Amino acid sequence: MKLTGENGVQLYHYPFTAMASPCELRLYAGSESQAKAAADAGIAEVLRIEHRYSRYRDDSIVGQINAAAGGDPVRVDEETEALLNYAATAYAESGGLFDISSGVLREVWNFKLGQLPSPAAVAFCLKRVGWKKVQWQPPYISLRANMQLDFGGFGKEYAADRAAQICTDMGIAHGLVELGGDIRIIGPHPDDSPWQIGIRHPRDPEHAMAVIPLKSGALASSGDYERYMVVDDKRYSHILNPRSGRPVDTPMAGVTVVAPLCLLAGTGATVAMLHGECDAPAWLADLGLPHLWITQAGAAGGDLLP
């Protein structure tokens, strides 16, 4: 879909659905054929990553690793090795809060049902969580029986980075990739003006709490508004703490981080939510990346606020 023309190029819009999220590419190009070729390649890369790292597919590499839990080690390819190394680093630097083995907790936390699991069920599931229990000796990985890995905490952000790189390689100099609210900028508008990225208010999604101008880099948000349930007037976020096995119990409502890569921005935002209101501002400041945060009571902070 062609949107507007600017400085001799046209802006084309390609919406699609992937990773259970509405997605889009906005690409400036000299011709529709150039834009479509880049968009097709970028979308194909997103779908490849979705299929390759889905925990729901038996033929994905994650499915193969999980199926082999308690058995022989699985040898992984270079791309998966790099992602596992990233996950290991994020685990160490977050003090264990970013843990890709914690996805098994979703077996007892079903936010569609609106029911709380029993403490015994959570405790039993928590025994299967812990990156330190994983045997990772690149390129071989081995899980204990009944453990699972889940790349859902960073797969979408990685896909956004990869799609943007592919569009760049195909000659696109101006545009952006958005996957379910996670954004990677390919380049500014052709007149060098930034993209204006609105950050929705966690409790008033029709309005933006801030507008962030970006010419490059990436932006990702995490919050208790994405998926949650309310039981006995208490809100339970989909963000699960791998230490307690329960939704993060914090007055923090949302965090947004800007970074060179969407992968880094998404990890930073998620870990900040897990740190909670008391520790998140200090942790974000130490991280050294532009950010903003807002609590459930409406208090806000960070260097991205207007």
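**Exercises on salt bridges and strand pairing**

Arg 162 has a relative accessibility of 26% and counts as partly exposed (buried is under 20% relative accessible area, exposed over 50%, partly exposed in between, with a 1.4 Å probe and protein chains only). The model is predicted, so local features need pLDDT of at least 70 and side-chain atom pairs count only at pLDDT 80 or more, while totals for chains, interfaces and linings use all residues. Residues are numbered from 1 along each chain as its sequence is written, and side-chain values use heavy atoms, with hydrogens and water left out.

**Exercise 1.** State which residue forms a salt bridge with Arg 162, and where the two partners lie.

Solution. 
1. A salt bridge requires a side-chain nitrogen of Lys or Arg within 4 Å of a carboxyl oxygen of Asp or Glu.
2. The partner is Glu 45, with the closest N and O atoms 3.0 Å apart.
3. Glu 45 sits in helix α1 and Arg 162 in helix α5 (residues 155-169), so that the pair links distant parts of the chain, 117 residues apart (helices are DSSP runs of H or I with at least four residues, strands runs of E with at least two, numbered from the N terminus).
4. Glu 45 is buried, at 8% relative accessible area.
5. Both residues belong to a network of salt bridges that also includes Arg 48, Arg 52, Asp 77 and Glu 79.

**Exercise 2.** Determine how many residues apart Lys 36 and Asp 40 are in their helix.

Solution. 
1. The side chains of Lys 36 and Asp 40 form a salt bridge of 2.8 Å, N to O.
2. Both are in helix α1 (residues 32-52), four residues apart, which means a separation of about one helical turn.
3. Lys 36 is partly exposed at 43% relative accessibility, and Asp 40 is partly exposed at 39%.

**Exercise 3.** Locate the salt bridge between Arg 128 and Glu 107.

Solution. 
1. The closest N and O atoms of this pair are 2.9 Å apart.
2. Arg 128 is buried at 14% relative accessibility, whereas Glu 107 is partly exposed at 46%.

**Exercise 4.** Give the strand order of the open sheet and name its edge strands.

Solution. 
1. Two strands pair if DSSP finds at least two bridges between them.
2. The three strands are ordered β4-β6-β5, with antiparallel pairing.
3. The edge strands, each pairing on one side only, are β4 (74-75) and β5 (135-137).
4. Three bridges join β5 to β6 (residues 140-142); Trp 136 has Ile 141 in β6 as its bridge partner.
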